[in-house]
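Open the model in your viewer and keep the selection panel at hand. Each stop below gives you something to select, then tells you what is there.

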Amino acid sequence: MTPLQILSAVLIGAGVFFFVAGTVGLLRFPDTLTRLHALTKADNLGIGLIVLGLLPFAANALVALKLILIWILVLLASSTVSQLAGFAARREGRQR
Amino acid sequence: MNIVAIGLALDLAFGLLALAVAVFALRARTTYAAVVGFVSFGVLLALVWFRLGAPDVALTEAAIGGGLTGLLMLNASAVLRATEAAAAAEPRRPGVRLVALLAAATVAGGLAAAVLALPSPAPTLAPLAVAGAPATGLGNPVAATLMAFRATDTLLEMVVLVLALVGVWSLTRDDLWGGRPGRRHQADSKGVLVFFARLLLPVGVVFAVFLLFVGADQPGGAFQGGTVLAALWLLAIMARLADTPAIDQRWLRFWLIAGPAVFVAVGLAGLAFGVGFLGYPEPWAKPIILAVEIVKIVSVGVTLALLVAGPPMRPRGDDR
Amino acid sequence: MNSATWYGLVGAALAGIGLYGLIVHPHALRKILSFNLLGAGVFLIAGVVARRGAAAGLPGDPVLQGLVITGIIVAFAATALAVALLLRLAETAHTASLAEAALDRQREPVAGSDPAGGRTGSTG
């Protein structure tokens with residue numbers, strides 16, 4: 001295993017760990033807002049680390065840029081959705 | 001561990017997860033939860049399609065199967081919330097459940113037996129498709145299939161979309177004919193949704209056009225691009241950056257039929273030029289296909305968005 | 001067993017799950033959802049047949065994959081029409097259940113709706 005492969009494996013492993021942490025938060029936290037917090041933070045960080053881990057193996061610069069674009073779009077979408085879900089949860093007054 | 005074993009383990013995991021989410025969608029207590037489960041199932045299914053070596057199908061499943069169908073049912077479940085209690089209060093009939101269980105087991109068992117009895121070596125049209133693709137100028141054999149080898153299927157599918165929309169529109173109340181679909185949306189003009197829509201719309205349009213042009217040689221295509229356009233339009237409507245169009249407008253009806261009409265015209269021209277209905281003369285194949293797809297992406301986007309928007313519910317003059 | 005066969009069995013199970021939900025759920029929107037699950041299972045089996053047809057350097061049979069794409073889109077069109085019909089039913093009959101009893105109980109004219117509605121002739 002070359003050093004680049006090891007670095008990539010470590011980064012992707014860390015990303016997976018964050019995803020698992022976010023999922024554990026989803027299952028274990030008491031109410032909607034804390035669950036949203038866990039999901040958004042962990043998943044954004046998780047996908048960022050996975051993208052970083054994949055960058056060394058991108059076929060060319062264009063593919064690398066596309067990977068980063070995917071990361072940015074996921075950040076945008078998940079932040080927006082968590083905000084909207086948070087507003088909805090607060091409005092409904094339900095703390096599930 | 002060799003790569004095949006890892007792949008098989010991954011496939012086992014995906015398959016079991018998909019089944020678990022499907023069972024959840026089946027048994028969820030509220031319809032809202034069931035629809036959320038269905039959307040998750042759609043995304044998982046897209047992963048499964050990748051594992052089956054079908055990236056074009058994965059794109060279509062994620063966009064239309066999971067995304068647009070999920071959106072459609074989510075809107076419906078919100079409108080139908082008042083009917084949930086009555087439906088849940090209906091008496092459970094164990095006889096019906098037993099029959100349903102037997103029927104489901106029979107069908108599932110029969111299909112499983114068929115899957116296990118599939119002939120080996122499997123018959124395939126792949127060599128034919130690969131042999132015929134260069135004549136169309138397309139590097140993606142699925143795109144060549146959709147636009148050249150099975151072009152009649154694609155034409156009829158576009159017509160089916162328009163027919164479904166006519167069916168949806170025929171459910172309009174008489175006094176609302178020609179009006180705008182859907183209720184007016186409430187969205188805070190300084191809020192998160194508007195910010196998101198403003199950022200995503202230009203990026204999304206570029207992405208849709210990219211899907212169209214890259215679909216010639218790599219996974220993608222006009223249907224996937226059209227779905228992205230439809231989703232962007234629906235997002236703009238939800239963020240109140242746009243409103244649903246009144247359905248009696250000419251430009252709307254023009255774009256609804258432009259896709260199938262151009263396709264039929266190209267087909268008839270093929271007859272006139274002696275290459276058969278929906279045949280393409282060889283040096284002109286790719287430009288013709290591209291021209292048809294450019295019209296198709298707009299047409300499909302408009303049709304899909306209107307299918308989700310539903311029949312008119314507001315009079316024509318009700319604009320914000 | 002290889003991946004393709006496993007996914008074929010998953011597709012068969014999905015078809016069974018969808019069929020069960022289609023028959024059992026009283027709420028029509030859940031029936032529509034189950035119908036989509038049934039469709040997904042069938043498409044998955046078609047995809048498995050396509051996967052087994054991998055040849056000539058391709059990972060799957062492109063003709064069959066094209067048919068599945070067509071199928072997914074037509075299934076969406078059917079779902080959209082079904083949902084529109086259901087919403088109209090709920091608007092006029094105030095119920096989302098197809099059970100005959102519910103329809104007979106709820107059938108009453110709604111102001112502003114089509115004057116011929118609500119008297120479509122009972123099937124009793």
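Select Ala56(C), in the loop between helix 2 (28–52) and helix 3 (62–93) of chain C. Helices here are DSSP runs of H or I, at least four residues, numbered from the N terminus. Check the backbone: phi of Ala56(C) is positive, about 55 degrees, although the residue is not a glycine. Ala56(C) counts as partly exposed because it has 16 C-beta neighbours inside 10 Å. The cut-offs: buried means 20 or more other C-beta atoms within 10 Å of the residue's own, exposed means 12 or fewer, and partly exposed lies in between, with C-beta atoms placed from the backbone.

This is a predicted model, where local features need pLDDT of at least 70, side-chain atom pairs count only at pLDDT 80 or more, and totals for chains, interfaces and linings use all residues. Residues are numbered from 1 along each chain as its sequence is written, and chains are lettered from A and ligands numbered from 1 in the order in which they are written.

Go to chain B. Arg240(B) is in the loop between helix 10 (222–238) and helix 11 (250–272). Its phi is positive, about 60 degrees, and Arg240(B) is not a glycine. Arg240(B) has 18 C-beta neighbours inside 10 Å, so it counts as partly exposed.

Next, pick Pro121(B), in the loop between helix 5 (94–116) and helix 6 (126–136) of chain B. Which kind of peptide bond joins Ser120(B) and Pro121(B)? A cis one, with omega about 5 degrees.

Last stop: 5 residues of chain B are in contact (C-beta atoms, placed from the backbone, within 7 Å) with 4 residues of chain A.

Notes. Helix = DSSP H or I, 4+ residues; strand = E, 2+ residues; numbered from the N terminus. Contact = placed C-beta atoms within 7 Å.
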